[in-house]
Amino acid sequence: MAMEQPSHQTIGNGRRERLVVGWFSFTCCEESTILFTELLNDHLDEWKKVIEFRHMRMLKTRNSLAGLDVAFVEGAISSDSQAKEAQQIRENARYVVAIGACACTGKPSTSRNQFVSEQLNERIRWYLSHFDYGPEVRKLDDVIEVDDMVRGCPMKVPTFLQTLYKYLELFNVSQHA
Amino acid sequence: MHSRDFIIEAITKIEGDAGLEVVIENDAVKDLRFIIRDYRRFFTTAVRGKRTVAVPSFLSRICGTCSVAHLLASLEAIENSQGIEVSEQTKTLRRLAYDGLMIRDHALHLYFFVLPDILGLDSIFDISDDPRDHGHTPARFLRRQANWHGHH
């Protein structure tokens, strides 16, 4: 649920104090999120100064969708409810970055799309019919517009850092610049 | 006497996606449901027909937190099925990889999930930069807590 947040603070020369970021996970193994937490070993002190992590359920108790500059989204989309959630993220973020193989290509989460009829046994049919599953699993840009992709399984760290720093510069974040 | 229900839609600071539903009647918990919202990906079906060399890396994608455990388990299953014996050096290297996983996973839980709650903070991002702040040096803080409990 989105909460009211203060507007983006700027300092002199129109520079922004911090980039407002959200991190989201859909259907995947979440290893890119784990990798992100490992990056904090080296970058926590630096990022705390220039990034406000406004939504990141894995690490934060209080989360908000409001006014995100960049949303990093890992995982494929397995259902209509996940698609609606992704659309809500898109509406609240100026830029969306797909993170990792499941978000960028769908695989391996899309495996069930290729199941032939004899693989769809009684147990799988039961799950698909009793829970919130869509007819097929989709990659992120099948559901919402995506601005950038960080590929890899898990994500390629140099590409992630390059993408993050690109947005820090794009939003004219002061200390980074 | 109070009766009310509450639902936590999304539990935070966990790996995966889960909720909790609690039913309270006459000041006592009558029912409690832990709701796992992660979507199944049917790996046990999807792995059939794959070449054996592709199986360990494929099955390691079951879980990002414990990918090493899934990778090693699938290697062992393939080796057992083919009667393959691995060297003592390989066994030692796998043991080290597994121990590395345990250290990483427990450190993640302690420092990233649990410690901010103990300190009354929202997240690890809110731990002070001031080296005099007890949250800045978690080990020092935990040691102090242990001493406090030892003296009280």
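User: Where is P154(A) found?
Analyst: P154(A) lies in the loop between strand 5 (148–150) and helix 5 (157–170) of chain A. Helices (H or I, at least four residues) and strands (E, at least two) are DSSP runs, numbered from the N terminus. The peptide bond that leads from C153(A) to P154(A) is cis, with omega near 0°.

User: What joins K107(A) and P108(A)?
Analyst: A cis peptide bond joins them, with omega of about 5°. P108(A) is in the loop between helix 3 (100–104) and helix 4 (122–130) of chain A.

User: How is the numbering done, and what kind of model is it?
Analyst: Residues are numbered from 1 along each chain as its sequence is written, while chains are lettered from A and ligands numbered from 1 in the order in which they are written. This is a predicted model, in which local features need pLDDT of at least 70 and side-chain atom pairs count only at pLDDT 80 or more, whereas totals for chains, interfaces and linings use all residues.

User: What are the confidence scores, then?
Analyst: The model scores ipTM 0.85 and pTM 0.88. The term pLDDT stands for the predictor's confidence in each residue, from 0 to 100. Its mean is 91 for chain A, where 90% of the residues reach 70 or more. For chain B the mean is 88, and 87% of the residues reach 70 or more.

User: Where in chain A does pLDDT stay under 50?
Analyst: That applies to residues 1–7 of chain A, for which the model has 11 contacts beyond four places in sequence. Two residues are in contact if their C-beta atoms, placed from the backbone, lie within 7 Å.

User: Back to chain A: is strand 2 mostly covered or open?
Analyst: Strand 2 (residues 51–56) of chain A is mostly covered, as 6 of its 6 residues are buried. A residue is buried if 20 or more other C-beta atoms lie within 10 Å of its own, exposed if 12 or fewer, and partly exposed in between, with C-beta atoms placed from the backbone.

User: In which sense do strand 1 and strand 2 of chain A pair?
Analyst: Strand 1 (residues 19–25) of chain A pairs with strand 2 of chain A in the parallel sense, over 5 bridges. Two strands pair if DSSP finds at least two bridges between them. Within this pair, L19(A) stands opposite I51(A). Together with helix 1 (residues 31–50) of chain A, the two strands make a right-handed β-α-β unit. Right-handed applies if, with the strands pointing away from the viewer, the path from the first strand over the helix to the second runs clockwise.

User: Now chain B. What pattern does it follow?
Analyst: Along the sequence, the pattern of chain B is β-β-β-α-α-α-α-α. Its 3 strands form an open sheet in the order 1-2-3, with antiparallel pairing. Strand 1 (4–8) and strand 3 (28–36) of chain B are the edge strands, each pairing on one side only.

User: What about D27(B) and its phi?
Analyst: D27(B) has a positive phi of about 65° although it is not a glycine. D27(B) is in the loop between strand 2 and strand 3 of chain B, and it counts as exposed because it has 8 C-beta neighbours inside 10 Å.

User: And is F42(B) exposed or partly exposed?
Analyst: F42(B) is partly exposed, because 18 other C-beta atoms lie within 10 Å. Its phi is also positive, near 55°.
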